[in-house]
Amino acid sequence: MALLQIAEPGMGANPHQHRLAVGIDLGTTNSLVATVRSGLSVVLNDEAGRALLPSVVRYVAEGAHEVGYPAQALQSKDPHNTVVSVKRFMGRGLKDIANAGETPYRFVDALGMVQLRTVAGVKSPVEISAEILRELRGRAEQALDGDLVGAVITVPAYFDDAQRQATKDAARLAGLNILRLLNEPTAAAVAYGLDNGSEGVFAVYDLGGGTFDISILRLQRGVFEVLATNGDSALGGDDFDQRIFCWILEQAKLPPLGPHDSRLLLTKAREAKEALTEHPQANITAMLTSGAALDLTLDGKIFAEITQGLVNKTLQPTRKALRDAGLSVEDVKGVVMVGGATRMPHIQRAVAEFFHTEPLNNLDPDKVVALGAAIQANVLAGNRGGDDWLLLDVIPLSLGIETMGGLVEKIVPRNSTIPVGRAQEFTTFKDGQTAMGFHVVQGERELVSDCRSLARFELRGIPPMVAGAARIRVTFQVDADGLLNVMAREKSTGTETSVVVKPSYGLSDDEVTAMLQDSQNHAHDDMTARALRENLVEAERLLEATLSALAEDGEQLLTPEERAAIDAHIEALRGVLPRNDAQEIRQAMDALNRETEFFAARRMDANVRNVLTGHRLTELEEN
Amino acid sequence: MQLDFGKNYFDLFGLAPSFQLDTPALEQHYREIQLQVHPDKFVHAADADRRLSMQWATYVNEAYQALKHPLSRARYLLQINGVDTEEERNTAMPAEFLMQQMQWREAIGEAETASDIDALERLAANLRAESRGLQARLADALDVDKDYTAAAGSVRMMKFLEKLGEEINRVLDTLET
């Protein structure tokens, strides 16, 4: 049995080979990519040595586009076609976007998610975000000289299901294999906690360009347990720019401005905000298209005054998160500051005052999320060092179902540790009712109209009964990415229907495929070849995983007959690999998967049993 | 799943079924089991393993949540002993307790009108003390006397207190906004 295995040239079957994985911080203002190299998490720079990629995409005629600094440089000149802060539009309808009228974009209110009209055609936020991700993927593949096994992409903890789904779609569109969607504050805590070997309760205060998150975590013996999270997915550094912008208009008594001047003054506002981090005051000078010259001075005190309301808006969710965690300020051992916006001195002061402790700033607030994501990506990719720690995250917002009268029945409460499953029974309203409509919503309010609508679906084929007699069990399952799956089942007949919740906002697989085919960068990419390549990689992974499971537990947990059946399927899969037929490989994989299902269940049982047996032994020894 | 030791939550964590619980042991065993079954450990595994991992991690989370909080732990202990806590139907309460409930509600209402955050926080602290008293009674009823009828009554009272706590938090949220 113990034959030596020799990999085919180019198949890369060495199980201990370092797998290339990255962490990506897809930010409102800037994005970064990081990886673990020689045991250290590092940000990958561009060719000019810059870590940050401005999250700016500029479309030019003929479907071409540019991303990052070149796009940012032209944002005042070409405001309609240069998209900044696209993250604010992810999974959002036009009515959800604050200040939509003040942005220079030509919005198209498409079903579910807003779209933007550019010179290169109408673009969805998912497509625009995918351009940023593709740029970072290219940077990483060049720097690491190889294909990526996968990526961990961070999202604000307070992102709802629609926003998460949109992020996942963007990653798929950029050709990235998503290992996990990771909450930004949790990623920061990983980077911070592992660096400092800390234990205890920590708060992560994360004020990004367009989102605010507060997470309360407990770090204990290598487990990062998120106790509560809260935030505001439409509050960030951009809003501070906006306040300065309004202050400029007021001080200079300017009439409503055109898109060029608006963009210019917003840029000046941002520069003034950044200058105030280092200096007591900032000069704001600009030449408007009308020829009028602008020359103002903003000092730190006025800046703090005009933005006090925004600072307070971050402290409300902070109080709520502490309350949800059942903790008070005194229980918090340290506060980790994340996001470039936390550099503002009056934010630092407000947080220090609130928590009665100086915030921790020893990691670069712009990089800490990407660094943490890279550490998690390295572990999830199966590289070493991941056996001893674990992230236990939560869902930020409650999930529920609409009931009679437009009220929400909460099924999964916010701050539930994921993965989480919950079921609730519903019944029919009318005699003989054979179908039932379900409306899935997310949010904390009691009225459906105040919550976010995630999906609608119907269960048909309910046998006719008197009202209230049918028993319909609705099951919510939230996976480790925080994404929801809903299933409804009528108990007496077993009539069943299930949805992956995405119809309202997400893209269907067909849409993603169509977009992939449309996308210029992939015009040469043959979809069949791609499917084959993916299946080959997956088959290698499956063989490797199965063989290592057999090596570890095959002896104890399988009878010789069972072992022989599995071995036969392994040989069958190996046999079809050289034939390079994607479908045949898929079938052989499915067959092997089916054959090993009971073995997997036995292994899982044995693992849990071992944990407990280990305890009983130590407890006996202690006594 | 084919776990026989998972037939009840206490078995899953290797703990004796009682209301008085070794909380650090529960937390430690929870973490250790999650380290074995969590989906993060199965990102590259076969489909069957990934599916099982999610089912297991979901189940372990559910069990942990049920045992971690005193109210749900008491409810669960009664459930495995075949006692329904009748929280929706049985509203019979000692007159004294109901009287106190009304006083609580009034106090919360007054604090809301006066926007008195300190008063609400004092109320929350009193409520926690009250809840600790009920927990002591539950420990006696469930672990010592095995008086499940009395325990079910205490569970119903605790449910009342939990709702009051939620109400205080709701008012605090609105006052702080």
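Across all chains, the structure holds 14 aromatic pairs, where rings of Phe, Tyr and Trp (its six-membered ring) pair if their centres lie within 6.5 Å. This is a predicted model, in which local features need pLDDT of at least 70 and side-chain atom pairs count only at pLDDT 80 or more, while totals for chains, interfaces and linings use all residues. Residues are numbered from 1 along each chain as its sequence is written, chains are lettered from A and ligands numbered from 1 in the order in which they are written, and side-chain values use heavy atoms, without hydrogens and water.

Let us look at one pair. The ring centres of Phe240(A) and Phe303(A) are 6.4 Å apart and their planes stand at 65°, so this pair is edge-to-face (planes over 60 degrees apart; under 30 is stacked and the rest tilted). Because Phe240(A) lies in helix H5 and Phe303(A) in helix H7, both of chain A, the pair ties together parts 63 residues apart in sequence. Helices are DSSP runs of H or I with at least four residues, numbered from the N terminus.

In chain B, ring pairs link Tyr9(B), Phe10(B), Trp56(B), Tyr59(B) and Tyr76(B) into a cluster.

Terms used: Helix = DSSP H or I, 4+ residues; strand = E, 2+ residues; numbered from the N terminus.
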